[in-house]
Amino acid sequence: MAFNQTAAAPSHKMRRCLLMAFALIALALTALPTASFADTDTAGNVLATDNDSNPSGVEGDLYWAGQSLELDDVSIDRDIIAAGDTLSIRDCTVGGAVRLAARTIDIAKTTVDGSVTVAGQHVVLNSDSTASCFYAIGETVALRGSTKSAALAGDTVTIDGTVDGDVEVWADKLILGKNAHITGTVNAHVSEDPERAAGAEVGALKIDRTENEDTSTTTDVIGGIVAAALSTCFIALLLELVFPRATASAAGMLHQHPTPLWVSGLLGTIAVVPAVLLLIISIAGLSLAGALMCGVIGIALVSSAFAGCAIARMVGHSQNRYAMAAAGGVIAGALTGLPLVGGFISGVAFVFMLGYIIQIIWRNAHLKPQQPANAPELPTA
């Protein structure tokens, strides 16, 4: 995985979304069952969890998931792919690349032949560590080791090591320590002037000042709300045309039995990430994991229109269903397009639709076939 170093700097909103995504992964992994496993396939790849937090020499790739990984003086012939709460790699040699996602990541005195790509809350490539490339995103990111190039994004980025090439930085605050030795150019997209200690050596420093404030104009916001309202209205009308029984059923469920619907949606939303990760870890469940992710994405795309349509049909049950679907779609789309609260509204709509789907599956699974009234009774033993 490589960053395009000519691409435009990501916005602060994008970085927050990425951080949230990886935080959810890390939190979900802490909910994995305590029953763990460690296995080696025919290619020498090792799949492990918490019970094997420091596996010995690995001839292939190391796949690890759990809460705390502490690799110490281990040789990995190829890649490390790991996710959890705390990941620590010390005094190790890695013949391939390193891919990590966790709350806290610490790589020290480790030689990585390939690139290091990490995401978390606190990320450190410590001194005496070397890698071909270092790509990191987090709340705090520190590069104290040695690498040929780097792309770093975070609230606070510290460079206090050696980079034999260029560095791309997206941050609120950039600190160049006294041990920083960068032969290439530091392209800093920052909101304040970098702090540069005495002794820091930089080939060239280019600063692109960014602002934390939202620079979108009122016209942009209104245009976004209108576009969201119209597109959601179209999807709502399409849902009402193709699945009228589903929207009517959801409206009735919301009116008569709302508690099971919302509880199912919340539990389903919490369980989605661990379920996908467990399927991925099982290897054999990769196709199921892909299908589940496609289903979740599909629900997310139409959930606002479905929720708006269902709620509008519940409120105006005696009115024309297409008119109510259009009105519900417009209102739902406009709400999701609002700044600050739009993401929350979309999340509520996702929980609503997922809860409805879970309730329908549950009811169909427990629906007992009705015996005809004139059918003869079956003999009993």
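**Overall organisation, cores and aromatic pairs**

The secondary structure of the chain consists of seven helices and 18 strands. The model is a predicted one. The chain has 381 residues, of which 42% count as buried. Among contacts with a sequence separation of 6 or more, 27% are between residues 24 or more positions apart. The chain exposes about 19900 Å², and 62% of this area is supplied by carbon and sulfur atoms.

The largest nonpolar core comprises 46 residues. Within this core, Ile80, Leu100, Phe134, Leu152, Ile159 and Leu174 have the most contacts. With residues up to four places away in sequence left out, Leu100 touches Ile80, Ala82, Leu87, Ile89 and Ile105, as well as Ile107, Thr117, Val118 and Ala119. Another core, of 24 residues, lies apart from the largest one; Ala236, Leu261, Ala307 and Cys309 are among its members.

Zero disulfides were found in a search of the whole structure. Cys233 is in no disulfide, and the nearest cysteine sulfur, which belongs to Cys309, is 9.8 Å away. A disulfide would require the two sulfur atoms to be within 2.5 Å. Cys309 is likewise in no disulfide, its nearest cysteine sulfur being that of Cys233 at 9.8 Å. Cys233 has a relative accessibility of 14% and therefore counts as buried. Cys309 also counts as buried, at 0% relative accessibility.

Three aromatic pairs were found in the whole structure. Phe306 and Phe352 form a tilted pair, with 6.1 Å centre to centre and 40° between the planes. Phe306 is located in helix H5 (residues 286-315) and Phe352 in helix H7 (residues 342-365), so this pair ties together parts of the chain that are 46 residues apart in sequence. Phe306 counts as buried at 5% relative accessibility, and Phe352 is buried with a relative accessible area of 1%.

Phe306 also forms a tilted aromatic pair with Tyr356, at 5.4 Å centre to centre and 40° between the planes. Because Phe306 lies in helix H5 and Tyr356 in helix H7, the pair ties together parts that are 50 residues apart in sequence. Tyr356 counts as buried, its relative accessibility being 8%. Through ring pairs, Phe306, Phe352 and Tyr356 are linked with Trp262 into a cluster.

Note on methods
Residues numbered from 1 in each chain as written. Predicted model: local features only at pLDDT ≥ 70, side-chain atom pairs only at ≥ 80, totals over all residues. Heavy atoms only, no water. Core = buried A, V, L, I, M, F, W, Y, C linked by side-chain atoms within 4.5 Å. Buried < 20%, exposed > 50% of the residue type's maximum accessible area, 1.4 Å probe, protein only. Contact = heavy atoms within 4.5 Å. Helix = DSSP H or I, 4+ residues; strand = E, 2+ residues; numbered from the N terminus. Areas by Shrake-Rupley, 256 points an atom, 1.4 Å probe, with all protein chains shown as cover. Phe/Tyr/Trp six-rings, centres within 6.5 Å; stacked < 30°, edge-to-face > 60°.
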